[in-house]
Amino acid sequence: MADFVQLWVYLSTTPLFGLTATLVTYVLVQAGHERVGRAAWANPVLWSVVVIGCVLLATKTPYPTYFAGAQFVHVLLGPAVVALGWPLWLRRHEMRRRGVALVIAALAGGSAAAASAVAMGLAFGMPADVVRSLAPKSVTAPVAMGIAEQIGGVPALAAVFAVLTGMAGALSARWLFNSLGFTDWAVRGFALGTTSHGIGAARALQVNDEAGAYAGIALGLQVVLAALLMPLVARLIAG
């Protein structure tokens with residue numbers, strides 16, 4: 001017990017705490033995810049967030065202290081996103097043939113996601129800055145924060161909405177697609193990437209390579225279209 005206490009004291013005061021907590025937690029929840037047959041409710045990202053959040057609260061560890069170590073994993077997010085380009089490269093001829101249709105679908109899907117979020121926010125009487133933070137909820141979190149800042153929203157709140165949207169899509173996609181009778185992996189992947197960005201794309205890759213490839217292209221299209229069009233639409237409405 002004395003050795004464990006000494007180890008805890010050492011880890012909790014160095015960047016190794018955040019790194020160790022992140023890696024150990026993810027390995028454990030990933031093992032549990034595999035054990036239950038990759039059930040949607042056992043999503044490793046969701047449970048990693050829950051477990052680490054509980055640990056930080058229980059140990060009264062400030063988030064900056066945790067992130068001082070976790071940032072080493074955070075840096076890998078960039079290469080991980082770039083790696084999504086490999087499945088697209090393998091299907092480049094197919095993507096080129098369907099290019100126009102994919103752009104139109106991305107524009108329609110992104111518009112529906114943003115418009116429905118804004119409409120719900122207005123219907124519930126939310127403050128204007130919260131409604132603006134809801135608009136980019138289906139864009140990956142870093143881009144959603146930038147868009148929210150440009151259109152008068154709250155960047156931190158936009159990041160929360162984006163993460164929650166991704167989680168909701170990853171958890172409910174299989175049930176929803178099966179209920180609607182969508183069996184084409186390309187359709188399922190593109191829809192998931194459009195609405196649930198990186199978290200949805202990661203889920204799609206776990207299930208099927210074809211779905212993962214189309215989720216990746218949907219994620220990229222949403223980033224480009226939202227970054228270009230949302231600030232423009234916001235200015236037109238405000239003006």
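## Fold and overall dimensions

Read from one end of the sequence to the other, the protein chain follows the pattern α-α-α-α-α-α-α-α-α-α-α-α-α, which comes to 13 helices and 0 strands, where helices are DSSP runs of H or I of at least four residues and strands are runs of E of at least two, numbered from the N terminus. The radius of gyration is 19 Å, close to the 18 Å that the globule rule gives for 239 residues, so the chain is as compact as a globular protein of that length; the radius is taken over C-alpha atoms, and the rule is 2.2 Å times the number of residues to the power 0.38. Along its principal axes the C-alpha trace spans about 65 × 40 × 30 Å.

## Basis of the values

This is a predicted model, in which local features need pLDDT of at least 70 and side-chain atom pairs count only at pLDDT 80 or more, while totals for chains, interfaces and linings use all residues. Residues are numbered from 1 along each chain as its sequence is written, and side-chain values use heavy atoms, with hydrogens and water left out.

## Burial and contacts

Of the 239 residues, 38% count as buried, meaning under 20% relative accessible area with a 1.4 Å probe and protein chains only. Among contacts (heavy atoms within 4.5 Å) with a separation of 6 or more, 65% are between residues 24 or more positions apart.

## Residue Q30

Q30 lies in helix α2, residues 16-35, and is buried, with a relative accessible area of 19%. Leaving aside neighbours within four places in sequence, Q30 is in contact with P44 and Q206.

How values were computed
Buried < 20%, exposed > 50% of the residue type's maximum accessible area, 1.4 Å probe, protein only.
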